[in-house]
Amino acid sequence: MSTLSCISPALPPTLRVAQAVGIITSAFLSGGVLAVSYGFVPSMFLAPNTLLVREWQTTYGRGVAASPALAIISTMSYLYLSYNLSFTLNQHKAEVYALAAAATGSIVPFTLIFMKNINGKLNNKVEDSKDLDRSEEMNESKDGKGEHSDELLGRWATWNMIRGLLPLTGASLGVYASFWMTS
């Protein structure tokens, strides 16, 4: 029967806090990102395109306000753990915490590399909708010059779902290193 490695040997309180903060913030970040793609975006498709892009902008704005801070807090917690454990007999744990930091922190470059184009197109759709009433539809012809708002949002949701798996991987690695990994 195995025991949880977090029970023995005891870590200093600062490292315990870093464990909790890293795991909780990366799990919270992942849950928020995944909930938007899985829970909220499907209901957005019920709205007219004019309202759809405005709803996306509100949701996107909230994510931009919170996600980078959560990613930084979690990444720094994992890096703190990695650094402090790298000078002990817990070298393997230090490496796993470094991987957790890399997985969680990679959400920012992932967003910039893979989602910037879609975000820009959706923001352009928001600008196009500003002069329209909520009930009015945007003129989105299929002439090859542009993509429909709902198509863009569908692609955005898929990339966002993938993006949400990065901090989930970080949280999973943090839990593994904190509770199941032996020295």
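Author: Two packed helices are described by the angle between their axes and the distance between the axes. Here the axes of helix 1 and helix 2 (residues 49-85) come within 8 Å and cross at roughly 160°, where axes are lines fitted to C-alpha atoms, for helices over the stretch in contact, and angles run from 0 to 180 degrees between N-to-C directions. Helices are DSSP runs (H or I, at least four residues), numbered from the N terminus. The model is a predicted one, in which local features need pLDDT of at least 70 and side-chain atom pairs count only at pLDDT 80 or more, while totals for chains, interfaces and linings use all residues. Residues are numbered from 1 along each chain as its sequence is written, and side-chain values use heavy atoms, with hydrogens and water left out.

Reader: Are helix 1 and helix 2 roughly parallel or roughly antiparallel to each other?

Author: Helix 1 and helix 2 are therefore roughly antiparallel, since angles under 35 degrees count as roughly parallel, over 145 as roughly antiparallel, 65 to 115 as roughly perpendicular and the rest as oblique. The residues of their contact (heavy atoms within 4.5 Å) divide into 18 nonpolar, 10 polar and 1 charged; Ala, Val, Leu, Ile, Met, Phe, Trp, Tyr, Cys and Pro count as nonpolar, Asp, Glu, Lys and Arg as charged, and the others, Gly among them, as polar.

Reader: Where does helix 1 bend?

Author: Helix 1 bends by about 35° at Val36, the bend being the angle between axes fitted to the seven residues ending there and the seven starting there.

Reader: At what angle do helix 2 and helix 5 pack?

Author: Helix 2 packs against helix 5 at about 20°, with the axes 12 Å apart, and the two are therefore roughly parallel. Their contact includes Trp56 and Tyr78 of helix 2 and Trp156 and Arg163 of helix 5, and its residues comprise 7 nonpolar, 5 polar and 2 charged.

Reader: How do the axes of helix 4 and helix 5 cross?

Author: The axes of helix 4 (residues 107-129) and helix 5 (residues 149-180) cross at roughly 160° and come within 10 Å, so these helices are roughly antiparallel. Among the residues in contact are Phe110 and Phe114 of helix 4 and Trp159 of helix 5.
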